[in-house]
Amino acid sequence: MIELQGVTVAYECRRSARRTIGLYVGPQGLSVRAPRWADWSQVEGFLRHKADWVLTQLQRQAAAPRPVWPEPSPALREQARRLFQQRVALFAPRLGVQPTTLRVSSARTRWGSASTRGTVSLNWRLVCLPLALVDYVAVHELAHLREMHHGPAFWALVAGVLPDYAERRAALRRYALG
């Protein structure tokens, strides 16, 4: 437990061979990942330094709708795969990219990802969301095949295909994966 700006926050702390302190706020609350060499004063100092971010994320997490996801049956995963193939086929040419592999993922914390090897992974749960949000995640990950960061060039690519991407991104944040 730690007090941040007058709010008592519970957190779990896991030590590992990492180099930096990392924070994650999910459905179970705040999780801290710390290097084995970091002492408690460093961990708590980092939490106090990031207090605004932590409290904002905890509020956002509390306000996020908690969909009850169906079981990821083979039929549902196949439905997701077909939808993702259609959406990637629609948007990849607009971005001038072609993924080498399209994966249906069961990630617990990410809607999608893209690798430098050209693999695009999209979470099967997206099939349960509005098509506008599926399209946003697909375009976001496809744009990473050209720009592997979230800098201005990346967002310009996304905006070139989805001028309303900011609204879609905000709508997606209202859904919790966990």
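Mentor: Start with burial: a residue is called buried when its relative accessible area is under 20%, and exposed when that area is over 50%. Keep in mind that this is a predicted model.

Trainee: How many residues does the chain have, and what percentage of them count as buried?

Mentor: The chain has 178 residues, and 43% of them count as buried. As for the surface, the chain exposes about 10200 Å², with carbon and sulfur atoms supplying 51% of that area.

Trainee: Which pattern of helices and strands does the chain follow along the sequence?

Mentor: You'll count six helices and eight strands. Reading along the sequence, they come in the pattern β-β-β-β-β-α-α-α-β-β-β-α-α-α. The C-alpha trace spans about 50 × 35 × 30 Å along its principal axes.

Trainee: And what about contacts between residues at least 6 apart in sequence?

Mentor: Of those contacts, 52% join residues at least 24 apart.

Trainee: What do the charged side chains look like, positive and negative?

Mentor: There are 25 positive and 12 negative ones, and the centres of the two sets lie 6 Å apart.

Trainee: Now backbone angles. What should I expect of phi?

Mentor: Most residues other than glycine have a negative phi. Here, Gln-5 has a positive one, near 50°.

Trainee: Where is Gln-5 placed, and is Gln-5 buried or exposed?

Mentor: Gln-5 is in the loop between β1 (2–4) and β2 (7–9). With a relative accessible area of 54%, Gln-5 is exposed, because that value is over the 50% cut-off.

Methods. Residues are numbered from 1 along each chain as its sequence is written. This is a predicted model: local features need pLDDT of at least 70, side-chain atom pairs count only at pLDDT 80 or more; totals for chains, interfaces and linings use all residues. Side-chain values use heavy atoms; hydrogens and water are left out. Helices (H or I, at least four residues) and strands (E, at least two) are DSSP runs, numbered from the N terminus. Buried means under 20% relative accessible area, exposed over 50%, partly exposed in between (1.4 Å probe, protein chains only). Contact means heavy atoms within 4.5 Å. Accessible areas come from the Shrake-Rupley method with a 1.4 Å probe; for residues, only the protein chains shown count as cover. Lys and Arg count as positive and Asp and Glu as negative; His and the chain ends are not counted. The place of a charge is taken as NZ of Lys, CZ of Arg, CG of Asp or CD of Glu.
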